[in-house]
Each structure stands twice: as C-alpha cells, then as structure tokens.
Amino acid sequence: MDTKRKRLTLDLDAPVQRRLKAVAALKGISLRQYCQTAIDKELARDEANGLPGSRERFSDADRFAALQKKYFGDRVLPGDSADFIREAREIRDAQLKDVM
C-alpha cells in the first residue's frame, strides 16, 4: 500500500517546542516521530469515543445523510438548494458592506 504523506506546519510557543524536543530526545526519537505518535494516540482515543476520523468508516455522503436525517427527519425542503446558497451569500455580502 502506497501511503502518501502530507506536510503539516504548526506554530508553537518556544517553550512548548523546547519541551517537545527535550521529551523526544529523552525517548531517543525524533520530534516528528514523537508528534506523529501523540497525534495517532489522540485520534485513536477520539475514534474510540465515537468521533469519526476515518474516511473509510464514514463517507461524506454518509455524514451528510446523517446530518440531514438529524435536522430534517423525513421532510423534504421546498426549493432549490442552489437558490438558498445564493440568497445566503447575498445576505452575507450585504452585511459585509454595511460593516465596511
């Protein structure tokens, strides 16, 4: 299985960065390895508590269907969703113009 890596950049306070670096060094691992392990542990804990974190477990369509069921039940909303989006954007743009 070919796993592609993605880069993540974090801006940390200097004391936090120093602490991370020191603990990683004491464990004899790189800062990257330490952070990756910490992230993996936190994700596993969240997923064990019911938070979806894997696209394989819950597709976007599944998440959308669950939200739709939660908020609207079996009701079908009248109108075209594109019209609702356009209207919301127009309202937002008008509000931004009022602020400026």
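Author: The second largest pocket is lined by F64, L67, Q68, F72, R75, V76, L77, G79, S81 and F84. A pocket here is an open set of points on a 1 Å grid over the protein atoms alone, where a 1.4 Å probe fits, with protein on both sides within 12 Å along at least five of seven lines; lining residues have an atom within 4 Å of a point. The model is predicted, so local features need pLDDT of at least 70 and side-chain atom pairs pLDDT 80 or more, while totals for chains, interfaces and linings use all residues. Residues are numbered from 1 along each chain as its sequence is written, and side-chain values use heavy atoms, without hydrogens and water.

The volume of this pocket, the space filled by probe spheres set on the points, is about 240 Å³. Helix 3 (60-72) and helix 4 (81-99) each give at least two residues to the lining; helices are DSSP runs (H or I, at least four residues) numbered from the N terminus. Helix 3 makes the largest contribution, with 4 residues. By type, the lining has 6 nonpolar residues, 3 polar and 1 charged, where Asp, Glu, Lys and Arg count as charged and Gly as polar.

Helix 3 itself comprises 13 residues, and the 18 Å from its first C-alpha to its last is close to the 18 Å expected at 1.5 Å a residue, a span taken as 1.5 Å times one less than the number of residues. Directly after helix 3, G73 adopts a positive phi of about 60°.

For context, the largest pocket holds about 770 Å³ of space. It is lined by 20 residues, of which K6, L8, R32, Q36 and I39 are the closest to its centre. Helix 1 (14-27) and helix 2 (31-48) each contribute at least two residues to that lining, and helix 2 has the largest share, 8 residues. In this lining 8 residues are nonpolar, 5 polar and 7 charged.

Helix 1 and helix 2 also meet each other: Q17, L20, K21, V23, A24 and K27 of helix 1 are in contact with L31, Y34 and C35 of helix 2, contact being heavy atoms within 4.5 Å. The residues of this contact comprise 6 nonpolar, 1 polar and 2 charged. In helix 1, the 14 residues should span 20 Å at 1.5 Å a residue, and the end C-alpha atoms are 20 Å apart, which agrees. Just beyond helix 1, G28 has a positive phi of about 75°.
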